[in-house]
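Subject: Structure handover

Hello,

Please find the structure below, with the sequence. My notes on what was found in it follow after that.

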Amino acid sequence: MTKSILIASLLFVSMYSSELTPQETLGKSLFFDKNLSKNKTMSCATCHNPDMGFSDHRGNGVSNMASLGDNGKSVGGRNAPTASYANQTPSFHYDKKEKAYVGGQFWDGRASTLEDQAGGPPLNPVEMEMPNENEVMKRVLENPYYVSAFKDIYGKDIFKDPKKAFVALTKSIASFERTTEFSPFDSKYDRYLRDEYDLTPLEDLGKALFFSNNNNSCSTCHVLKGEDKEGETFTNFQYHNIGVPVNHALNKKSGTKSADEGLLANPTVTDVNQKGKFKVPTLRNVAVTGPYMHNGVFKELRTVIEFYDKYNNQERTINPETGKKWADPEVEETIAKEELKAQKLTDRKVDALVAFLKLLTDKKYEHLLK
């Protein structure tokens, strides 16, 4: 993290600390604490920077496609998703009515809850690299404030069992991640719903296209409540394979040699029909949290729209970022062909959808829009 970003993050902490409960305040401090990583170079905020849409914009030698670990060398195989609005995600489960897996954290839902997710990176060997829960809690005990706060919130004996104390740590971080700082619902779209913002003609066209089942497939997976409903998450939290190609540049850097199995890589999932499926991400703050897809293979939002359109538009054959034909999907057999059916888009309609997606940017990040 650069010095300027660190200072801005500390200002963020100070600005909102008075509005938080003691548990949320503790979680906030833990969220920003690099001392919880092996070499003391990473915190939760390193890959989920609150000044950058809770995403990783460090570059990391891979144009932000994935995150750099605490050792300064390890690079993950997937793009770090924004932590904004992650607090809206239900626990991971199988919906018998929908006949689909729903919810959970990470691209494959392997962490069912925010608490589960918070406990992952500190122990991940390519992220914060701490060897076990006991070593994490030794670092916690170095901080007198933490010792006092843990005992006040979780009881005076909380440190007698390191595993229970580690669970308390994850609860604290998750409580901070559930605050409105992560989900303010104050984008131009939200303000439009409250009659505080007027859409431009292009944004209005984009909105109509986005929510129309007759024109495109956006709403099939990226709408939960419906058009003009407050609190829309812009994801139904289900899992689909949309035929994303291999990111060879990232695989070379991360040392990945096998196909990413997506949902099938979740230890609780054994159905081979889930191979290559990834959680539908929220579109809130999408315009400021690129690159895109689970492997960051696309740099621009417009490319993503054109990628979807290539399934329905025979003229959309070229990836505008490579100047070559769209690459083959990493996993072909489970592509959601039915959900991807739509009317082909003109370039103006692509522009309109991009304009609409920019509307979903939280007010504090609007200065980041291009």
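Are F298 and W326 buried or exposed? Both F298 and W326 are buried. Please keep in mind while reading that this is a predicted model.

Aromatic rings

F298 and W326 are also partners, as they form an aromatic pair. The ring centres of F298 and W326 are 5.9 Å apart, with 80° between the planes, and the pair is edge-to-face. The pair links distant parts of the chain, 28 residues apart. F298 is in the loop between β4 (278-279) and α13 (301-309), and W326 is in the loop between β6 (324-325) and α14 (347-358).

How many aromatic pairs does the structure hold? There are 28 aromatic pairs. Another of these is formed by F307 and Y308, with ring centres 6.2 Å apart and planes at 70°, so this pair is edge-to-face too. The cut-off behind that word is an angle of over 60 degrees between the planes. F307 is buried, with a relative accessible area of 0%, whereas Y308 has 26% and counts as partly exposed.

Ring pairs also build a cluster, which links Y189, Y192, F210, F211, F234 and F356.

Two charged side chains sit over rings. R110 lies over the face of F106, at 3.9 Å from the ring centre. K310 lies over the face of Y311, and here the distance to the ring centre is 4.3 Å.

Two packed helices

Two packed helices are described by the angle between their axes and the distance between the axes. For helix α2 (residues 22-31) and helix α8 (residues 162-177), the angle is about 100° and the axes are 7 Å apart. An angle of 65 to 115 degrees counts as roughly perpendicular, and α2 and α8 are therefore roughly perpendicular to each other.

Which residues make the contact? On the α2 side they are Q23, E24, L26, G27, K28, L30 and F31. On the α8 side they are L169, K171, S172, I173, S175, F176 and E177. By type, the residues of this contact divide into 6 nonpolar, 4 polar and 4 charged.

α2 is mostly covered, with 7 of its 10 residues buried. The buried residues of α2 are E24, T25, L26, G27, K28, L30 and F31.

R302 is in helix α13. With 27% relative accessibility, R302 counts as partly exposed. R302 and L353 are 51 residues apart along the chain, but their C-alpha atoms are separated by 8.5 Å. Leaving out residues up to four places away in sequence, R302 touches D347, V350, D351 and V354.

Y85 is a second case, found in the loop between α3 and β1 (93-95). Is Y85 buried or exposed? Y85 has a relative accessible area of 4%, so it is buried; the cut-off for buried is under 20%. Y85 and T179 are 94 residues apart in sequence, and from C-alpha to C-alpha they are 9.8 Å apart in space.

Backbone exceptions

Most residues other than glycine have a negative phi, and most peptide bonds are trans. Some places in this model depart from that.

A cis peptide bond joins G290 and P291, with omega about 5°. P291 lies in the loop between β4 and α13, and F298 is in that loop as well.

K40 is not a glycine, yet its phi is positive, near 60°. K40 is in the loop between α2 and α3 (44-47). Its relative accessibility is 45%, so K40 counts as partly exposed.

D195 is not a glycine either, and its phi is positive at about 60°. Where does D195 lie? D195 is in the loop between α9 (188-193) and α10 (201-211). D195 is exposed, with a relative accessible area of 72%.

Regards

Key:
Residues are numbered from 1 along each chain as its sequence is written. Side-chain values use heavy atoms; hydrogens and water are left out. Axes are lines fitted to C-alpha atoms, for helices over the stretch in contact, and angles run from 0 to 180 degrees between N-to-C directions. Helices (H or I, at least four residues) and strands (E, at least two) are DSSP runs, numbered from the N terminus. Angles under 35 degrees count as roughly parallel, over 145 as roughly antiparallel, 65 to 115 as roughly perpendicular and the rest as oblique. Contact means heavy atoms within 4.5 Å. Ala, Val, Leu, Ile, Met, Phe, Trp, Tyr, Cys and Pro count as nonpolar, Asp, Glu, Lys and Arg as charged, and the others, Gly among them, as polar. Rings of Phe, Tyr and Trp (its six-membered ring) pair if their centres lie within 6.5 Å; planes under 30 degrees apart count as stacked, over 60 as edge-to-face and the rest as tilted. Buried means under 20% relative accessible area, exposed over 50%, partly exposed in between (1.4 Å probe, protein chains only). A charge sits over a ring if NZ of Lys or CZ of Arg is within 6 Å of the ring centre and within 35 degrees of the ring normal.
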